[in-house]
Amino acid sequence: MDGDRLKAKILLIEGKSAERPSFNFGLTRKGFLVDSVHSGAAALAHLKEESPHIVLLDSASMRSNGRRICSSVRKTAPDIPLIVVIEPEDEDPARIDADVILMLPFTLQKLLNRIRPLLPNDSKHLMHAGPFSLDVDQRMARCGKRQVKLTPRLVTLLKMLMEHSGEVIDRNELFKFVWDTGYLGDTRTLDVHISWLRQFLEEDPRRPRYIKTVRGVGYRLDIS
């Protein structure tokens, strides 16, 4: 396993007496730090004290579809990626609010393949601001469970907003920085690019929670 993954922390929610081996051993052997709990209540208590990189819910081992636990985990820790393991007979996995849903049976390698993209990148090009993360080098942006590859200009725009999160950035200054120009004849293209960022990263682009318009002034990344 890659050296930068060795200290990744996983909260494993699993039944006490499952009929198959726990994922704990395999993940620990691969270098993860695994904390195992046996109920949704214990998981919520853990999340109030610790911030794992990933929550892995083995609902199949709990003889449950996991929807109630998923909902509670989402409310308590909305920005932590959530993986859920289900049985093949689960009637409607689409109703489960998770980043990844894995249906039994599958190999440990498949689980690892789904875990790795959700782990934080320790690259020097990675930025964080509230629920937002941006890998400038790879042009990958993430907010909660939304992840998208951006154009270079959108990367520059989001980077500027993240570097000044909580501050109102004058629209003309923002335009001049992102487009590297002193020409301010038509800044409407800035509004278009802001709209694209909202579509990619906001849960409800029409009612943005984070990328706010300050009328008559400019824009602010609100992560309070």
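Biologist: In which sense do β1 and β2 pair, and over how many bridges?

Modeller: Strand β1 (residues 9–13) pairs with β2 in the parallel sense, over five bridges. Two strands count as paired if DSSP finds at least two bridges between them. Strands are DSSP runs of E with at least two residues, and helices are runs of H or I with at least four, numbered from the N terminus. This is a predicted model: local features need pLDDT of at least 70, side-chain atom pairs count only at pLDDT 80 or more, and totals for chains, interfaces and linings use all residues. Residues are numbered from 1 along each chain as its sequence is written, and side-chain values use heavy atoms, with hydrogens and water left out.

Biologist: Okay. What stands opposite I13?

Modeller: V37, in β2.

Biologist: What is the strand order in the open sheet of five strands?

Modeller: The order is β2-β1-β3-β4-β5, with parallel pairing. The edges are β2 (33–37) and β5 (100–103). Each has a single partner strand, so one side of each is left without a neighbour in the sheet. Neighbouring strands here are turned by 20 degrees against each other on average, direction ignored. Axes are lines fitted to C-alpha atoms, for helices over the stretch in contact, and angles run from 0 to 180 degrees between N-to-C directions.

Biologist: And the open sheet of four strands, what order does that have?

Modeller: That one runs β6-β7-β8-β9, with antiparallel pairing. Its edge strands are β6 (126–129) and β9 (146–149), and each pairs on one side only. The twist averages 15 degrees from one strand to the next.

Biologist: How many bridges link β8 and β9?

Modeller: Four, with β8 (residues 140–143) and β9 antiparallel. M140 has K149 in β9 as its bridge partner.

Biologist: Which way do side chains point in a strand?

Modeller: In a regular strand they alternate between the two faces of the sheet.

Biologist: Switching to β12. Which strand forms a hairpin with β12?

Modeller: β11 does, with three residues between the two strands. G216 sits in the turn and has a positive phi of about 80 degrees. Four bridges join β11 (residues 211–214) to β12, and the two run antiparallel. I211 stands opposite L221, and K212 has R220 as its bridge partner. β12 (residues 218–221) also pairs with β10 (residues 169–170), antiparallel over two bridges. There, I169 stands opposite Y219.

Biologist: Helices now. How far does α5 reach?

Modeller: α5 (residues 152–163) has twelve residues and reaches 16 Å from first C-alpha to last. That is close to the 16 Å expected at 1.5 Å a residue. The expected span is 1.5 Å times one less than the number of residues.

Biologist: Which α5 residues are buried?

Modeller: L154, V155, L157, L158, M160, L161 and M162. Buried means under 20% relative accessible area, exposed over 50%, and partly exposed in between (1.4 Å probe, protein chains only).

Biologist: Where is S61?

Modeller: In the loop between β3 (54–58) and α3 (67–76). S61 counts as buried, because its relative accessibility is 12%.

Biologist: How far apart are S61 and S71?

Modeller: Ten residues in sequence, and 18 Å in space, C-alpha to C-alpha.
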